[in-house]
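Me: Hello! I have just opened a structure that is new to me, and I would like to learn how to read it. Could we go through it together?

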Amino acid sequence: MRPFEYRRAEGVEQAGALALAGGRLIAGGTNLLDLMKLQVETPAQLVDVNRLPLREIEPLADGGLRIGALVSNSACAADPRVRAGWPLLARAILAGATFQLRNKATTAGNLCQRTRCHYFYNPDQPCNKRAPGSGCGALGGFNRIHAILGASDQCIATYPGDMAVALAALDAAVVIAAPDGSQRSVPVRGFHRLPGDTPEKDNVLEPGEVILAVTLPPPAGGTQLYRKVRERSSYAFALVSVAAAVRMEGGRIAQASLAFGALAHRPWRDPRVDALLTGARPGDALFAEAADLLLEGAQGRGHNDFKIPLTRRTLVAVLREATGTQPGDQA
Ligand code: SF4
């Protein structure tokens with residue numbers, strides 16, 4: 001690890017000013033410290049934000065919930081309001097990492113975690129995300145964990161988290177403070193970027209911006225599921241994950257909101273799939289059509305070809321469970 005200066009921010013404005021001047025914000029540090037040890041990231045200054053007053057979970061006037069940026073993943077998943085109204089969020093958080101990491105990891109840090117592409121973590125390998133213009137080791141290399149949707153010829157990395165996939169399905173938003181004191185709210189589904197020609201940018205945060213909170217809309221009810229398929233049953237990143245919030249009425253799907261993890265550079269939402277399902281009678285033919293639509297244009301890179309049929313099977317299984325249908329059921 002290279003030497004760095006340590007500063008402690010006493011307020012959001014100070015944190016933003018230090019970040020604007022090149023400081024790297026740190027809270028739990030569960031990803032950043034690993035990156036620094038490997039010299040993937042070498043910030044000259046770390047700005048500790050743990051004293052900022054962003055640790056509350058508060059109800060909103062519209063029935064939603066505001067989760068402070070520094071709320072630990074453990075605290076969020078254990079909160080009775082979260083478990084009652086947005087169980088999908090609690091399930092996704094508990095599907096990730098370990099007890100110890102969830103105790104340290106924060107809401108904002110989880111959103112901003114970086115890809116787990118092996119080449120990104122090895123400074124001896126080419127990687128356009130770590131060193132723009134150096135190439136992409138994964139394109140012609142070992143790409144079992146890489147993207148099948150939304151990738152570019154510059155980068156095929158995936159966003160690795162679980163929490164943000166649930167937040168995307170729940171139509172949550174990220175509240176962000178700018179260095180000039182103004183605030184903006186960005187839907188989680190638009191917070192992370194696709195790689196395009198600038199894979200070094202993971203999300204839409206601008207220099208000096210500080211995440212204040214995540215807001216959830218009022219509970220939509222229905223069945224909420226998070227299914228994560230991975231190499232082993234704990235402490236592993238997803239190969240495919242599906243977050244689903246589905247409400248049934250009179251034998252039809254009254255509302256469907258789906259998001260997918262580990263398929264792309266961001267939590268993947270396809271509004272066409274939600275629209276296809278909403279209002280329809282559930283059954284295998286419908287689910288197959290939804291999978292076809294989702295995977296239209298999906299591209300395997302060799303080692304990750306299996307993700308295409310795995311995504312299909314996982315989606316169908318989640319939809320069967322969410323709608324109470326059995327294999328072979330037809331609308
Ligand atoms: Fe780097 Fe992206 Fe290529 Fe991985 S996939 S080596 S993160 S450019």
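Me: Which residue's side chain meets that of Asp 284 in a salt bridge?

Reply: Let us start with the general idea. Side chains of opposite charge can pair when their charged atoms come close. The term salt bridge is used here for a side-chain nitrogen of Lys or Arg within 4 Å of a carboxyl oxygen of Asp or Glu. In this structure, the side chain of Asp 284 meets that of Arg 320, with 3.0 Å from N to O. The pair links distant parts of the chain: Asp 284 belongs to helix α10 (residues 284-295) and Arg 320 to helix α11 (residues 307-323), 36 residues apart.

Me: What should I know about the model before I go on?

Reply: This is a predicted model, in which local features need pLDDT of at least 70 and side-chain atom pairs count only at pLDDT 80 or more, while totals for chains, interfaces and linings use all residues. Residues are numbered from 1 along each chain as its sequence is written, and side-chain values use heavy atoms, with hydrogens and water left out.

Me: How many helices and strands are there in the protein chain?

Reply: Helices (H or I, at least four residues) and strands (E, at least two) are DSSP runs, numbered from the N terminus. The protein chain has 11 helices and 11 strands. Its radius of gyration is 20 Å, close to the 20 Å that the globule rule gives for 331 residues, so the chain is as compact as a globular protein of that length. That radius is taken over C-alpha atoms, and the rule is 2.2 Å times the number of residues to the power 0.38. Along its principal axes, the C-alpha trace spans about 60 × 50 × 35 Å.

Me: What share of the residues is buried?

Reply: Buried means under 20% relative accessible area, exposed means over 50%, and partly exposed is in between (1.4 Å probe, protein chains only). Here, buried residues make up 52% of the 331 residues.

Me: Is helix α5 mostly covered or mostly open?

Reply: Helix α5 is mostly covered, with 6 of its 8 residues buried. Look for Pro 87, Leu 88, Leu 89, Ala 90, Ala 92 and Ile 93, which are buried in α5.

Me: How many salt bridges does the count give?

Reply: The count comes to 18 salt bridges. One of them joins Arg 24 and Glu 41, whose closest N and O atoms are 2.7 Å apart. Arg 24 is in strand β2 (residues 24-26), and Glu 41 is 17 residues apart from it, in the loop between α2 (32-37) and β3 (45-48). Arg 24 is partly exposed, at 28% relative accessible area, while Glu 41 is buried, at 11%.

Another salt bridge brings together Asp 202 and Arg 114, at 2.8 Å from N to O. These two are 88 residues apart: Asp 202 is in the loop between β7 (183-187) and β8 (210-216), and Arg 114 in the loop between α7 (107-111) and α8 (163-169). Asp 202 is buried, with a relative accessible area of 14%, and Arg 114 counts as buried at 12%.

Me: Which residues are linked in a network of salt bridges?

Reply: The network links Arg 24, Glu 41, Arg 114, Lys 129 and Asp 202.

Me: Which residues does Ala 291 contact, leaving aside its neighbours within four places in sequence?

Reply: Contact means heavy atoms within 4.5 Å. With those neighbours left aside, Ala 291 is in contact with Arg 312 and Leu 315. Ala 291 has its place in helix α10 and is buried, with a relative accessible area of 0%. For the protein chain, residues 24 or more positions apart account for 63% of the contacts with a separation of 6 or more.

Me: What about the backbone: what is the phi of Ala 97?

Reply: Ala 97 has a positive phi of about 55° although it is not a glycine. You can find Ala 97 in the loop between α5 (87-94) and α6 (99-104), where it is partly exposed, with a relative accessible area of 36%. Asp 171, also not a glycine, has a positive phi near 60°. Asp 171 lies in the loop between α8 and β6 (173-177) and is partly exposed, at 39%.
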